[in-house]
Amino acid sequence: MGRHGGASREQRVPAGVDGSSRPWRSGHGESGEAPWSWREVLDDVAAVAGEYGLHRPVVVGHSLGGMVATLWAGEHPECPLTVNLDGHGNPTRPGQFFGMDDVSAARACREMTAFLERMGQGLPEFFLQVMRETDALDLFAAYRAARCPVLVVSGDAAAFAGVFPDRLVPAWNAYCAWVRRQLEEVTRESRLVTGSVPADGTRSASRKP
């Protein structure tokens, strides 16, 4: 279960397809706006699971939903598996730009932050709150706190680089390299976290044997 986060409404897959439930995050699909926090989202997912009698659901999410799946792993040791599909957020500090010197990293962080803030202009406060919560989350601490298996699947960094102007692409690639190395470290430390490598190996943890 899971798409882009928790929800107050859910989309039920017809019986005989795959028996899954795909929650709509508040503000998406047919769900209305509601106060948003990681706690409330996790409670929403638990409510959907309870409604359908899913006692040990596999929780799968993409992007923001992948972060929710990771946090679910920290609270549900009975869960057989959670899957984070490319949910690692955006850079928020200079130390996240691998391979750049301090001056270049600080400049890259300022420019990336300014660009993302411009992209957010005009969005409803609800969505801005989601962005703030995402930026504040230490996802790698969440991986280390996992109490059930977590599969991390990451895509090709080049596929995301097109979002940014050319001058910011090196900064984005440096951030992706930082994410990959952090994931490699986590997978070495935790027997519960496994990573999947894309063809170019640019934004994913290494596979475990």
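How exposed is Ser63? Ser63 is partly exposed, with a relative accessible area of 30% (buried is under 20%, exposed over 50%, partly exposed in between, using a 1.4 Å probe and protein chains only). Keep in mind that this is a predicted model, where local features need pLDDT of at least 70, side-chain atom pairs count only at pLDDT 80 or more, and totals for chains, interfaces and linings use all residues. Residues are numbered from 1 along each chain as its sequence is written, and side-chain values use heavy atoms, with hydrogens and water left out.

- Most residues other than glycine have a negative phi.
- Ser63 isn't a glycine, yet its phi is positive, at about 60°.
- You'll find Ser63 in the loop between strand E3 (59-62) and helix H2 (64-73) (helices, H or I with at least four residues, and strands, E with at least two, are DSSP runs numbered from the N terminus).
- Asp86, not a glycine either, has a positive phi of about 60°.
- Asp86 sits in the loop between strand E4 (82-85) and helix H3 (102-120), and it counts as buried at 11% relative accessibility.

**Aromatic rings**
- There are eight aromatic pairs in the structure (ring centres of Phe, Tyr and Trp, the last by its six-membered ring, within 6.5 Å; planes under 30 degrees apart are stacked, over 60 edge-to-face, the rest tilted).
- One aromatic cluster is made up of Phe115, Phe140, Tyr143, Phe164, Trp172, Tyr175 and Trp178.
- Over the face of Phe98 lies Arg181, 4.0 Å from the ring centre (a charge sits over a ring if NZ of Lys or CZ of Arg is within 6 Å of the centre and within 35 degrees of the ring normal).
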